[in-house]
Amino acid sequence: MSYVIDYLPLILRGMLLTVEVALLSLFISVVLGMIGALAKLSRSRLAQSVAGIYTTVIRGMPDLVLMTLIFFGGQILVNNIGEKLGLEYFDVSPFVAGVLTIGFIFGAYMTESFRGGILAVSTGEIEAGYAFGMTPIQVFLRITFPAMVRHALPGFGNNWLVLTKTTALVSVIGLQDMVYNAGLAGGSTRKPFTFYCVVAFLFLIITGVSDVGVRWMDRRYSVGVRKA
Amino acid sequence: MDFQVIIDNLPLYFQGLWVTILLVVTSLILGLCLALPIALLATLKNRWVSIVPKAYIYFFRGTPLLVQMFMIYHGMGQFEAVHESFLWVIFKQAYACALLAFALNTAAYTAEILRGTMEQTAFGEIEAAKACGMSNAMIYRRIILPSTFRRALPAYGNEVIFMLHGSALAGVITIVDLFGAAKIVNARNFVPFESFITAGLFYLGLTFLIVWGFKRVERHWHAYLHPREG
């Protein structure tokens, strides 16, 4: 098993990248999800339909297709725009493409979870906020958001677990995450099964740790709720 | 945008569409056949027995499908025993490897759906069956399983869509499914937008078809849940 130890630093470096990609795209997806949920619940027809198309199209296509589309297509798009503006050639790195795509995809899933969470907040509390003379932004920050977290948390946790597993796809567009590095290590030692097992085990560690984290958040945000 | 290229390559896309449908349907059937015994074992009270199916479910749900597919496609060649046995005929084909990975993966997700639904069967129903003098096997056959299959339908519909989207991974290991077809068209003509958007639209159409199909099936099997008309 000494060859596993030899290549472990390489794989762990890949794991660090995997976690980086996952956390950055989680941030993007939460921001997009919040905007999407507010758009879906807004009174503007335009905002509703844009958000509706966004969630339907994204959730109807495989993430791999979207990722290759953004990676290969985004490169052309950026250069076409750059050419018109007279800028120099700009290389879309797989890292940027990966993070943007995963964030963009999971923004659609987050939209649905957050929308459900906001709908679950009792209207009486929101009305009370307005009755106190709070502005819509204050109502959102002080009442709707803190109260929706509890309801959105199960969906959020699920999305995060699926997101971490989706990061494995960035290896397909050439990003050196742990799946990619396991392929390298497996190729040079001719022991691919062993190295993919190691990667599977590391993924189980990530999901296990996240599970504990989500449970902790759930406890914290349900402090004010009576349980039988 | 140059859609002439796409029109010229439509036969390739339809060929890919057929491969995708075949892959998804076969792996779903295989997965469902595996999922039922796994779910039944996982609901057993005996902890030493139920730990095996639970570990299976945990592993396949906790790791990416891509890694599972690579373990089978790239990994199996590592073992001399596999290399020399008749199994190598299976493991050297990309298609068989993808199918096996998809079937094992969807079996785990489906088993978890079935297990969750089975455990939520109303206790009164089982009690009533016992009071009627049914044996354990009969309770499963007549009460638990029919109601489980009905109540699991919505979640299973989601799993079918997941499997469809997951099947795009087959294109990574040289299979010419919808995604593989898009990859070929892009590589030959360098039209990333047109080629991948076309594949995406095909997938979108399939997704809508699945959603519509499940709605129809649910309307039939959940008829007793609807409010009475007229």
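**Close-up 1. B:F190, a residue in the loop between α11 and α12 of chain B.** In this predicted model, B:F190 is exposed, because 11 other C-beta atoms lie within 10 Å, and a residue counts as exposed if it has 12 or fewer. The phi angle of B:F190 is near 50°, which is a positive value in a residue other than glycine. Most residues other than glycine have a negative phi.

**Close-up 2. B:T174, a residue in the loop between α10 (153–166) and α11 of chain B.** B:T174 counts as exposed because it has 12 C-beta neighbours inside 10 Å, and the limit for an exposed residue is 12 or fewer.

**Close-up 3. The fold of chain B, built from 12 helices and zero strands.** Among the contacts in chain B with a separation of 6 or more, 76% are between residues 24 or more positions apart.

**Close-up 4. The side of chain B that touches chain A.** The contact takes 27 residues from chain B and 29 residues from chain A. On chain B, the helices α4 (65–73), α11 (178–189) and α12 (192–221) each supply at least two residues of the side that touches chain A, and α12(B) gives the most, with 10 residues. Sorted by class, this side of chain B has 18 nonpolar, nine polar and no charged residues.

**Close-up 5. The largest nonpolar core, a set of 107 residues.** Which residues touch the most other members of this core? They are A:V65, A:V199, B:V67 and B:M69, while the largest share of the core, 14 residues, comes from helix α7 (residues 94–119) of chain B. Leaving aside residues up to four places away in sequence, B:V67 touches A:A168, A:V179, A:Y196, A:V199, A:A200 and A:F203.

**Close-up 6. Confidence of the prediction along chain A.** The mean pLDDT of chain A is 89, and 99% of its residues reach 70 or more. Among the elements of chain A, helix α2 (residues 45–60) has the highest mean pLDDT, 93, whereas helix α3 (residues 63–85) has the lowest, 84.

Conventions:
Residues are numbered from 1 along each chain as its sequence is written. Chains are lettered from A and ligands numbered from 1 in the order in which they are written. This is a predicted model: local features need pLDDT of at least 70, side-chain atom pairs count only at pLDDT 80 or more; totals for chains, interfaces and linings use all residues. Helices (H or I, at least four residues) and strands (E, at least two) are DSSP runs, numbered from the N terminus. Two residues are in contact if their C-beta atoms, placed from the backbone, lie within 7 Å. A nonpolar core is a set of buried Ala, Val, Leu, Ile, Met, Phe, Trp, Tyr and Cys residues joined through C-beta atoms within 7 Å. A residue is buried if 20 or more other C-beta atoms lie within 10 Å of its own, exposed if 12 or fewer, and partly exposed in between; C-beta atoms are placed from the backbone. Ala, Val, Leu, Ile, Met, Phe, Trp, Tyr, Cys and Pro count as nonpolar, Asp, Glu, Lys and Arg as charged, and the others, Gly among them, as polar. pLDDT is the predictor's confidence in each residue, from 0 to 100.
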